[in-house]
Amino acid sequence: MTAQPPSPVGITPAVVEIGADGWACAGAWTLDGIPGLEQRLAGLPAARCCPSTGSGRTGVLPGSVRLDTAAITALDTSGALQLLKLIATLEQQGSRVHLHGLRETHRELLELVRNRREAAGALTPQIKTENGLVRLGQATLLHLSSGFLFLSFVGEAALALARVVLQPTRLRGRALMVAIETAGVNALPIIALLSFMMGIVIAYQGGRQLEFYGANIFIVELVSLTMLRELAPLITAIIVAGRTGSSYTAQIGTMQVTEEVDALRTIGIPPMDLLVLPKLLGLTVALPLLTLFADALSVFGGMVMAQVMLDVSFQDFLDRFPRVVTLTSFMIGIGKAPVFAAIIALVGCYQGFRVRGGADSVGRQTTVSVVQSIFLVIAADAVFSVVLGGVGL
Amino acid sequence: MIAPDGTPPVIAVRGLCTRFGRTVIHQDLDLDIAPGEVVALVGGSGSGKTTLLRAIIMLLAPVAGSICLFDQEVVGIGERATFRLRRRFGMLFQQGALFSSLTVRENVAVPLREHTRLPARQIAEIADLKIALAGLPADAAVKLPRELSGGMLKRAALARALALDPALLFLDEPTAGLDPVSAGAFDDLVVQLKESLGLTVVMVTHDLDSLWQATDRVAFLGEQRVIGYAPMRELIESPHPLIQAYFAGPRGRAATLRSRPDAGGG
């Protein structure tokens, strides 16, 4: 016998032995007993599989084999599978197998396993011969089609918006208010903290250079223009994309999984009206307001730093502020916010509707939603810079 | 392998109290389930059938009382002991609860990979066997749960519950949402598994035909405890108003007639 591998306490491993009058199975033919059984079987000499004839090493020997199973102490379905496989192997080698000493309960189990396996039939092999080129093509088509799908989703949303404009009673007022509260009001603390810190960072880094030239007072231009025109809208949009866009995808995606979206349709509520428009409009209202809030807090952060590091007092800062910051700079910053809001809301909702299947799909689309909306927000910001620079603003 | 009388019960619940907030679900509930028995938990909606099941399988900590599985107290036991116990029972959840990112075969293989040290190929073989045992065609093994119909999902979930050849099987509404043919086949399968594997089965069900076909005893939950615990034949004779209301409706009578043509004045 081969050495027996360690097994859980109290379990005798399943073994097969070749005796004088045939094969004998012993031990626990259960999930705990079968580890290592295959190696033990493979270790048995193939030529001896029919000891009664005992001739040659061809492995294809006629005759019958006695399989003594009286010493099997326990049998479960996994063990029964192993036993059936052993019998099948012996039969393939041309022997008829006679089972001896099988308990009645074990015989029933063996029959059950045999019948169920036969009823299930064989697995039709999956043919998968895709080379890299095919996959590249498929991925390209997939991305192109998802681009078109997003465009058609934007179109649908625009149509729904037009219907609401023509018939304002269609607007879901309560859903709109909830959207403004969750995306806007509830985001105030995090926006406040982060934009205040951004103001401090910009003022600190810029202030060191200005101090070097003795141009301390220019900290006002530096902080105010950077923040109002560029950074506050961008930072706010990125935070909202991570915070709100992802929640839109997860919410609609989960509703998609639990068939709630279909339920809305059957009740006669277009999902566009209830799930998309309030979010789109709500965020379009909330994001400019959040940006205004971020403007104020980041300039305040800059003021604190200017006072501490550059001896520019709050009074001096605020005196200079209206003289150097034009309304145009401010409006450009605020004006970008609704565009960013539309991008975040549309991408978030669209990815939510793309969810198919279950939990993993929700996770995947949420990731895609955040990555795409941040990417598109930054891309839109770049377009704004180029266009506004082109017209001389 | 049905144990002779007098063996300790597989499940022994004593003085169980569970609560959600201030809502009392169970108060001083006792229940014994003997090895090799198929026991159904029934009762009206909200009578705490699923909650009792969740308490027994250690998903919900009771407020008070004791629950013994295989002669071992499970209330307040450690992580390792819990892990060893979980190896010995399987659970079929009401909605299947298959992992949506895995194929059916991978789903069935999860407990095998977690609890045994078999090579991957052998695990796949055993998984395929369980899929066949649950009555699914072999092709289902490579499908994702979302590609299966409701009945197939239930069977795939049963295959996963059976993965470790458990001695104890919990089924939460196994035949709900199945067509009558599949439901009947499911009952037959449970009985067959019980007889050849010596399984103890605890199921929550509303299916009156299942109660007649598949169970040895039925525990009727009501008034926060077990108000009747007997084989169906005896349980329907119980004078308790809740039990009478449950079984005396047209559906209850029809199921009784189907199972016992001699009864009900027929």
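This note comments on a predicted model containing chains A and B.

1. Overall form of chain B. Chain B contains 10 helices and 10 strands. Its C-alpha trace spans about 55 × 45 × 40 Å along the principal axes.

2. The contact between the chains. Chain B contributes 28 residues to the contact, and chain A contributes 27 residues. On the side of chain B that touches chain A, the elements giving two or more residues are helix H4 (120-133) and helix H6 (180-197) of chain B. H4(B) supplies the largest share of that side, with 7 residues. By residue class, the side of chain B that touches chain A comprises 16 nonpolar, 6 polar and 6 charged residues.

3. The open sheet of chain B. Four strands of chain B form an open sheet in the order S2-S1-S4-S5, with antiparallel pairing. Its edge strands are strand S2 (23-33) and strand S5 (72-73) of chain B, each of which pairs on one side only. S1(B) and S2(B) pair over 7 bridges in the antiparallel sense; within this pairing, Arg19(B) has Val24(B) in S2(B) as its bridge partner. The two strands S1(B) and S2(B) make a hairpin with 2 residues between them, and Gly21(B) in the turn has a positive phi of about 60 degrees.

4. The remaining pairings of the sheet. S1(B) also pairs with S4(B), in the antiparallel sense and over 5 bridges. Here Val13(B) stands opposite Ile67(B) in S4(B). Strand S4 (residues 64-69) of chain B is in turn joined to S5(B) by 2 bridges, and these strands run antiparallel. In that pairing, Leu69(B) stands opposite Gln72(B) in S5(B).

5. The helix across the sheet. Helix H1 (residues 49-56) of chain B lies across strand S1 (11-20), S2 and S4 of chain B. The angle between H1(B) and S1(B) is about 120 degrees.

6. Non-glycine residues with positive phi. Met58(B) is not a glycine, yet has a positive phi of about 65 degrees. Met58(B) sits in the loop between H1 and S4 of chain B, and it is partly exposed, with 16 other C-beta atoms within 10 Å. Glu173(B), also not a glycine, has a positive phi of about 50 degrees. Its place is in the loop between strand S7 (168-172) and H6 of chain B. Glu173(B) counts as buried because 20 other C-beta atoms lie within 10 Å, and the threshold for that class is 20 or more.

7. Nonpolar cores. The largest nonpolar core has 101 residues, and those with the most contacts inside it are Leu41(B), Ile131(B), Leu136(B), Ala156(B), Ala159(B), Phe170(B) and Val202(B). Neighbours within four places in sequence aside, Val202(B) is in contact with Ile11(B), Ile33(B), Val39(B), Leu41(B), Leu53(B) and Phe170(B). Another core, of 57 residues, lies apart from the largest one and includes Leu281(A), Ala294(A), Val312(A) and Ala341(A).

8. Gly253(A) and its surroundings. Gly253(A) lies in helix H7 (residues 219-257) of chain A. This glycine is buried, with 27 other C-beta atoms within 10 Å. Beyond its neighbours within four places in sequence, Gly253(A) is in contact with Gly352(A), Val355(A), Ser361(A), Val362(A), Gln365(A) and Thr366(A). Its C-alpha atom is separated by 8.6 Å from that of Cys349(A), 96 residues apart along the chain.

9. Val355(A). Val355(A) occupies the loop between helix H11 (327-353) and helix H12 (359-390) of chain A. Although placed in a loop, Val355(A) counts as buried, with 24 C-beta neighbours inside 10 Å. Leaving out neighbours within four places in sequence, its contacts are Gly253(A), Gln256(A), Val257(A), Ser361(A), Val362(A) and Gln365(A). Val355(A) and Ala28(A), which are 327 residues apart in sequence, are 47 Å apart in space from C-alpha to C-alpha.

How values were computed: Residues numbered from 1 in each chain as written. Chains lettered and ligands numbered in written order. Predicted model: local features only at pLDDT ≥ 70, side-chain atom pairs only at ≥ 80, totals over all residues. Contact = placed C-beta atoms within 7 Å. Nonpolar A, V, L, I, M, F, W, Y, C, P; charged D, E, K, R; others polar. Buried ≥ 20, exposed ≤ 12 C-beta atoms within 10 Å, placed from the backbone. Core = buried A, V, L, I, M, F, W, Y, C linked by C-beta atoms within 7 Å. Pairing = 2+ DSSP bridges. Axes fitted to C-alpha atoms, helices over the stretch in contact; angles between N-to-C directions.
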